[in-house]
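Hi,

Here is the structure I promised to pass on.

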Amino acid sequence: MANNICDNFFIFALKPDAIMSVSDWADANRILSQTASSEPGKFRTSRTPYLKEIMDALSPHSGYEKVVFMKGAQIGGTEAGNNWVGFIIDQAPGPMLVVQPTVEMGKRWSKGRLAPLIEDTLCLRDKVKDPRSRDSGNTVQSKEFPGGIVVITGANSAVGLRSMPVRYLFLDEVDAYPPDADSEGDPLTLAIQRTATFARRKIFIVSTPTIKGLSRIEKEFEETDQRYFFVPCPFCGHFQILKWEGVQYDQTHSRCFYACEFCKGHIEEHFKTDMLRRGEWRATNKEKVSKKVIGFHLNSLYSPVGWLSWDACYQNYEMAKDNEQLLKAWTNTTLGLPWEEKGDVPDWGVLFDRREHYRIGNVPPGGYVLTAGVDVQNDRLELEIVAWGQNSESWSVDYRTIYGSPADSETWQKLSLVLDEDFKSEDGRFLKISMLAVDTGFSTQKCIQLGPLSISSKSYGRKRC
């Protein structure tokens, strides 16, 4: 019996990758569960035609290794990933890791999405044993099948992220991942490292974005060819990306329409079905075109008729526009765009144009007084020396790191040597540090006890705070 099992796994290991695409497999086999879908029954790619190219990029015959999908809500993006998981179990078995933001969310996805997927799709039900059977290999966080396994974990679990090498990696809602996994590093990086030994790996990264500059999915998308879904105007045929600026509210008929950017024709929502059918993905970042990486962006304005309407998007905007937190969530989930924090930060271009050139360690001509600030760390002192001129103008003269414990007098003696240094100005003058400020942090008492005692009497005459 054991030999037969080994023979079966050997046969699956030798089996070539399936020629069938993920979208074809989904149309032929996928049944949407009543408990997990608003439209239960047979899956139809024609309902969400923009998902076809995304799913097919995940197919074995596609040369892409990494597929990035930055998206809004209510467009069926989750089902693209679910279809891929089902395809792997049935057609291209191998080790797969699914990473949700937390272990708890991973369990919830397994019970609410993966279990119905297996139960309601006949060809999968035969390959993943009933969890109630003895030694089934079917648990909440692990699904075994002939030739492979799907492991589900959370981005907050370093153990789960480095559990095994995998050929397939599904990273879902990456912007909700914690910045660090059990102090072992970025969870996205840890997970991707699991695929390093596989020559024909597939990585699917999906998420709605969060904060501009901090968003993981934004960063990943920017490193791709940045594909957008262009749809034709039903009146003039002009292909365009659906943008929020095009959504207009008709006061007379109390409903929204989309204004074509070319002919200004009023596109009613019922035209959307045919527009999506005729739509096509186009790369907009020619500098990042690659045979290994591909990226897609889709907002909720593309949501099929009967799901999220333009009217609903407009109403949600009207409720959110005067509340920053609500508007932030609306921008992320409806437009599929990262939120740009607003504040009193000056324009970077203005600052860049005002830059000055001077050598590190030298005082610029306008600097007349030197101060130093020290930040106390567990194993070092971080020191910045600043020159001050008229009207509170300042220049960063130097930055030093003094290694050593703050509980050791030698560390403070090293600081004393810096305080005794002469700093030459570019107009020939020599200056010493006139004032020192120390942020004692967690080691306040030791700093108070050792600092003044360890700094030479020659230096100690200067002001300190």
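Let's start with helix α14, residues 409-419: its buried residues are Thr411, Trp412, Leu415, Ser416, Val418 and Leu419. Seen down the axis of α14, these buried residues fall within an arc of 155°, so they line one face of the helix. (The arc is taken over the directions from the helix axis to the C-beta atoms.) Buried here means under 20% relative accessible area, with over 50% being exposed and anything in between partly exposed, using a 1.4 Å probe and protein chains only. Helices (H or I, at least four residues) and strands (E, at least two) are DSSP runs numbered from the N terminus. At the start of α14, a side-chain oxygen of Asp408 comes to within 3.0 Å of the backbone nitrogen of Glu410.

Before the rest, some housekeeping. This is a predicted model, so local features need pLDDT of at least 70 and side-chain atom pairs count only at pLDDT 80 or more, while totals for chains, interfaces and linings use all residues. Residues are numbered from 1 along each chain as its sequence is written, and side-chain values use heavy atoms, with hydrogens and water left out.

Overall, the protein chain has 16 helices and 23 strands. Of its 465 residues, 46% are buried.

Three strands form an open sheet in the order β12-β13-β14, with antiparallel pairing. Its edge strands are β12 and β14 (266-267), each of which pairs on one side only. β12 pairs with β13 (residues 255-259) over four bridges, and Tyr249 has Cys256 in β13 as its bridge partner. (Strands pair if DSSP finds at least two bridges between them.)

Asp250 sits in β12, residues 247-250. Asp250 is buried yet has no salt bridge, and the nearest side chain of opposite charge, Arg255, is 5.5 Å away. For a salt bridge, a side-chain nitrogen of Lys or Arg has to be within 4 Å of a carboxyl oxygen of Asp or Glu. What Asp250 does have is a side-chain polar atom 3.0 Å from the backbone nitrogen of Thr252.

Last, Pro364, in the loop between α13 (348-353) and β17 (369-376). Pro364 counts as buried, at 2% relative accessibility. Leaving aside neighbours within four places in sequence, Pro364 is in contact (heavy atoms within 4.5 Å) with Tyr358, Trp395 and Arg429. Its C-alpha is 9.4 Å from that of Gly389, 25 residues apart along the chain.

Cheers

Definitions and conventions: A polar contact is a pair of N or O atoms within 3.5 Å; within protein, one must be able to donate a hydrogen and the other to accept it, and residues adjacent in sequence count only if both atoms are side-chain atoms. Lys and Arg count as positive and Asp and Glu as negative; His and the chain ends are not counted.
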